[in-house]
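Student: I have just opened this one and have never seen it before. Could you walk me through it?

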Amino acid sequence: MKVHITNLYGQSQASVAQIAQNLSASVAKGLGFYEIGVYSYPVDTDSDSELSKRIDGMIAAVGWGDVVIFQSPTWNSTEFDDFFVNKVKAYPDLKVVIFVHDIIPLMFKSNEYLIDKTIATYNKADAIILPSRKMEAELRRWGLTTKKVIIQHMWDHPTQSLYSRPQFKKEVIFAGNPSRFTFVNDWRYDLPLRLYSSETPEGENLNIIPEGWRNDAELIQEMPQKGGFGLVWSQISDVDYYEWNISYKLSSYLAAGMPVIVQDTLSNAKIIQDNHLGLVVKDLEEAQARIADMTPEVYDQMVESVRKFRELVIDGYFTKKVLIDSVHAVMTEHAYD
């Protein structure tokens, strides 16, 4: 038996979708899994016959009795993803695990009409990796029937950057564009917001320190020098989806050693709370009040907790766990938790 994992290519090097798939595939290859390269291209230029031949080339190394972990979506189209799953399911005794990163019909209201097709593809899997139990509950509501579900809980964020202990400062760091995370345009709290973005926020009298854009390596190295807290907060337009999914931004802060501020509705807020990795708050007003009253000693305790926890994130242990658990799930009879 061989275990294979799909891996996305052809998108921008800054694409979080591609970064996440490349990360998962890299960890998988370290476990001895084989890669199936999937390239981002205009699928609608292919006839069914051409598409079939293209996928045959991708899965040439797949054999009977193997396990294929399909990272979803490929961003090529819902039809492509379903076609791919059908092709590998045709192999005798082959097991398919669908590793869900994003769900396009739930991300964008305009694509909700695709949800039935997406769920139909998920239901062909022998096991499915989902970001959270909240996401599982939502998909069950739409008709998900796959019994074996493995929960990811957290993104990893491997880095070669040396650890630097963050400084205690009563300020918040946020990496993201105001056009997408529009709460930034109303930041008039006493608590300063240090903003890493290529965009300039709109609005007057904002308590924002603009830092410009940094690449991932620069950001992880620079944030501890600035100190304070990393902020994970939802976009106003997709609050529900942000609560079901898991944030790649969260693991970026933790990889940098930064205590975080998250909303109490975030899918993995309990991990933050139970491991003392930062503040779990109802709203930004509560965050401001708690930081205003914070002492250096309390901050240092959180920093120490993050320092220990970050080893899991930077060494890929969350990804290793879900990949290994998924193989166990499809090779045994009972449904894994």
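Student: Which strands does helix α6 lie across?

Tutor: In this predicted model, helix α6 (residues 133–142) lies across β5 (127–130) and β6, and α6 runs at about 145° to β6. Helices (H or I, at least four residues) and strands (E, at least two) are DSSP runs numbered from the N terminus, while axes are lines fitted to C-alpha atoms, for helices over the stretch in contact, with angles from 0 to 180 degrees between N-to-C directions.

Student: Before we go on, what should I know about the numbering and the model?

Tutor: Residues are numbered from 1 along each chain as its sequence is written, and side-chain values use heavy atoms, with hydrogens and water left out. As this is a predicted model, local features need pLDDT of at least 70 and side-chain atom pairs count only at pLDDT 80 or more, whereas totals for chains, interfaces and linings use all residues.

Student: OK, what is the strand order in the sheet with β5 and β6?

Tutor: The order is β2-β1-β3-β4-β5-β6, an open sheet of six strands with parallel pairing, where two strands pair if DSSP finds at least two bridges between them. Its edge strands, β2 (34–39) and β6 (149–151), each pair on one side only, and the twist averages 25° from one strand to the next.

Student: How many bridges join β3 to β4?

Tutor: Six bridges join β3 (residues 67–72) to β4 (residues 95–100), and the two strands run parallel. As an example to find on screen, Gln 71 has Phe 99 in β4 as its bridge partner.

Student: And what is the order in the other sheet, the one with β9?

Tutor: That open sheet also has six strands with parallel pairing, in the order β9-β8-β7-β10-β11-β12. β9 and β12 (278–281) stand at the edges with a single partner strand each, so one side of each has no neighbour in the sheet. Here the twist averages 30° from one strand to the next.

Student: Which helix packs on that sheet, touching β7 and β12?

Tutor: Helix α11 does, touching β7, β10, β11 and β12 (contact means heavy atoms within 4.5 Å), and the direction of α11 makes about 140° with that of β12. Within the sheet, three bridges join β10 (residues 229–232) to β11 (residues 260–263), which run parallel, and Leu 231 stands opposite Ile 261 in β11.

Student: Switching topic, which residues touch the most other members of the largest nonpolar core?

Tutor: In that core of 52 residues they are Phe 174, Phe 183, Trp 187, Leu 231, Tyr 253, Ile 261 and Val 262. A nonpolar core is a set of buried Ala, Val, Leu, Ile, Met, Phe, Trp, Tyr and Cys residues joined through side-chain atoms within 4.5 Å; buried means under 20% relative accessible area, exposed over 50% and partly exposed in between (1.4 Å probe, protein chains only). Helix α12 (residues 296–314) gives the core its largest share, seven residues, and apart from this core lies another of 34 residues, including Val 68 and Met 135.

Student: What about charges, how many salt bridges are there?

Tutor: A search of the whole structure finds 22 of them, a salt bridge being a side-chain nitrogen of Lys or Arg within 4 Å of a carboxyl oxygen of Asp or Glu. Side chains of opposite charge can pair when their charged atoms come close.

Student: Which partner does Glu 211 have in helix α7?

Tutor: Glu 211 forms a salt bridge with Lys 226, the closest N and O atoms being 3.8 Å apart. This pair links distant parts of the chain, with Glu 211 in the loop between β9 (208–210) and α7 (216–226) and Lys 226 in helix α7, 15 residues apart. Glu 211 also forms a salt bridge with Arg 214, at 3.6 Å between the closest N and O atoms.

Student: Is Glu 211 buried or exposed?

Tutor: Glu 211 counts as buried because its relative accessibility is 14%, whereas Lys 226, at 22%, counts as partly exposed.

Student: Last one, which residues of α7 are buried?

Tutor: They are Leu 219, Ile 220, Glu 222, Met 223 and Pro 224, and what covers them includes β7 (172–175), β8 (193–196) and α9 (248–255). Just after α7, Gly 227 takes a positive phi of about 80°.
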